[in-house]
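Work through the exercises below with the sequence and the model open. Each task is followed by a solution in steps.

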Amino acid sequence: MASNDKQNRPKARLAKGFRDVDANEMRSLKRMLRTIEGVYEMYGFEPVEQPFIEYTEALGKFLPDQDRPNEGVFSFQDDDEQWLSLRYDLTAPLARYVAENQQFLPTPFRSYRQGWVFRNEKPGPGRYRQFMQFDADTVGSASPAADAEVCMMAADTMKALGIELGQYVVRVSNRKILDGVMEINGLLGPEMATKRMIVMRAIDKIDRLGFDGVAQLLGEGRKDDSGDFTRGAGLNDRQISRILDITGSKQQGTGSKGVTNVVTLANLEDVVRGSPRGEEGIAELTQIHEIVSSAGYENNRIEIDPSIVRGLEYYTGPVFECELLMETKDEDGRPVRFGSVGGGGRYDDLVARFTGQSVPATGFSMGVSRLYSALKLLGKTEDKETIAPVVVLVMDKERQGDYQKFVQDLRKEGIRAEMYVGTSGMKAQMKYADKRGSPLVVIQGGDEKARGEVTLKDLALGSQLASGVESREEYASQRLAQVSVPEADLVKAVTEMLGRGR
RNA sequence: GCAGCUGUAGCUCAGUUGGUUAGAGCGCCGGAUUGUGGAUCCGGAGGUCGGAGGUUCGAGACCCCCCAGCUGUACCA
């Protein structure tokens, strides 16, 4: 069984881009998920659980001109040689679900789902190849009311997680506005698709690269600090400035700060004048604005921001992004900006891939893993709420039945408890309890048994007292922080001791 | 993919201009304490110096190639 051949032993190491989740994180992560779920349930969305794996064709991820799946998605072939893939988001599987079950589902269909998704990409700081999303979608409604609702729900989620007003904002824009500007710029045809993608990605980078960087990417290209050159869209100056104008629509003259959504919308009118598609986009944004503002969501919570485009191709109308605004320090004391923790938008053509008929849909995806690490850095995760179990030591192997009885009595009172199930001596059992973080141990050896008592030792208090001890004699002579009580009072005494420690 | 940086004990790292037998702290195991974790003291295990070649009397260190990791950047449906 065990290999003694050192050469052939596998190295115990985590696969690149993946991570283990320990008990503490697991608990607070679950708490966070319950909070989000509570908000979504309140809005009337229904839970749906779906598999991690779908047919690759259902995800739509084959490499162009090849019968092999796209790099970037984890894939393998089934017995029958069909390609299967791990899902890379929750939206594509939802589209499959709706297309497959359309006849049974109410329209509009409002659902939410949470789970792991996988991307076979280069991992980076805070970027993993497996991460969790929490997704909510309304399928079958073309109304901007559905978009507005999703935005409000995102804002409510932030609030429910303890993030204060002003520390987050949901930004909204509309792809149709960009389409309008593309139209004006003569970038509309299918042969311009690549250029349009470059333009969208460039705008998406505006918070990182600034105006100049984006302008370079729209023109010839940009060389970054590492000396790497990124080819640009090759637009002329006039086209570039028209596109950058969109992102500036939030400004109201120089030096103005809080710009209302109304002003932004008015500015946008000028940018897309002459493009019906652009004007349609503004009309939709206007409706969204009216709905959210009459529901009490002002632009400090839901803000129209034309610089939001989202990199994904499939969005057809409104797009959203939820951003955390505060800064904090990481473990090394460096400032961290959280940025986007979720996003979404309208994707009217996704279901049509399967059914041939266009089904309007809109949705929002929270990046759970990212949101979690943000909350953790902000100290909003409530670690350590669960206290470790009381450990009952096995002093006499013949009496494990008695020890189990202790443990069961404690459990009946709702106290986490366990009997030591290892095979080592008392010293090792104490170490075990210590490493475990147990609040106290229960000891009943021959001495206690003879007196009809149990000894309780408060580990935290003992540790505290021991740090003042200087000599070995002093240390050994004391039995710190322990008391003996009648066996019948075990549960009562443990309860008291636990209560004191809080 | 491109670029830069880094690979020495389980972890974090030191290792002089190339010079005997490669070190420290933490962790781990054992003892002081055969019924006591946490303080203190003593002892111990643990290393193909990322891999292969080369220069040299001599390489952990210098050169070349490869591999891995990190960071940035690109891609991210």
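**Exercise 1: one alanine and its contacts**

Leaving aside neighbours within four places in sequence, Ala493 is in contact with Leu456 and Val485; a contact means that two C-beta atoms, placed from the backbone, lie within 7 Å. The model is a predicted one, in which local features need pLDDT of at least 70, side-chain atom pairs count only at pLDDT 80 or more, and totals for chains, interfaces and linings use all residues. Residues are numbered from 1 along each chain as its sequence is written, while chains are lettered from A and ligands numbered from 1 in the order in which they are written.

Solution. 
1. Helices (H or I, at least four residues) and strands (E, at least two) are DSSP runs, numbered from the N terminus.
2. A residue is buried if 20 or more other C-beta atoms lie within 10 Å of its own, exposed if 12 or fewer, and partly exposed in between, with C-beta atoms placed from the backbone.

**Exercise 2: the faces of the helices**

Task: which residues of α13 are buried, and which exposed residues are on the face turned away from them?

Solution. 
1. Tyr403, Phe406, Val407 and Leu410 are the buried residues of α13.
2. Seen down the axis of α13, these residues fall within an arc of 95°, so they line one face of the helix. The arc is that of the directions from the helix axis to the C-beta atoms.
3. An α-helix has 3.6 residues a turn, so residues three or four places apart point the same way.
4. Turned away from the buried side are the exposed residues Gly401, Gln408 and Lys412.
5. After α13 comes Gly414, with a positive phi near 80°.
6. In α7, the buried residues are Val214, Leu217 and Leu218. They pack against α6 (193-204), β8 (221-223), β9 (229-231) and α8 (237-247).

**Exercise 3: the chain as a whole**

Task: how is chain A divided into domains, and what is its average pLDDT?

Solution. 
1. Chain A is divided into domain 1 (23-377) and domain 2 (390-500), with bounds from an automatic or database domain assignment.
2. The centres of the two domains, taken over C-alpha atoms, are 54 Å apart.
3. Chain A contains 18 helices and 18 strands, and 35% of its 502 residues count as buried.
4. pLDDT is the predictor's confidence in each residue, from 0 to 100. The average for chain A is 86, and 90% of the residues score at least 70.
5. Over residues 1-5 the pLDDT is below 50, and this stretch has two contacts beyond near neighbours in sequence.
6. Residues 253-257 also have pLDDT below 50, with one such contact.
7. Where pLDDT is low, the predicted coordinates should not be read in detail.
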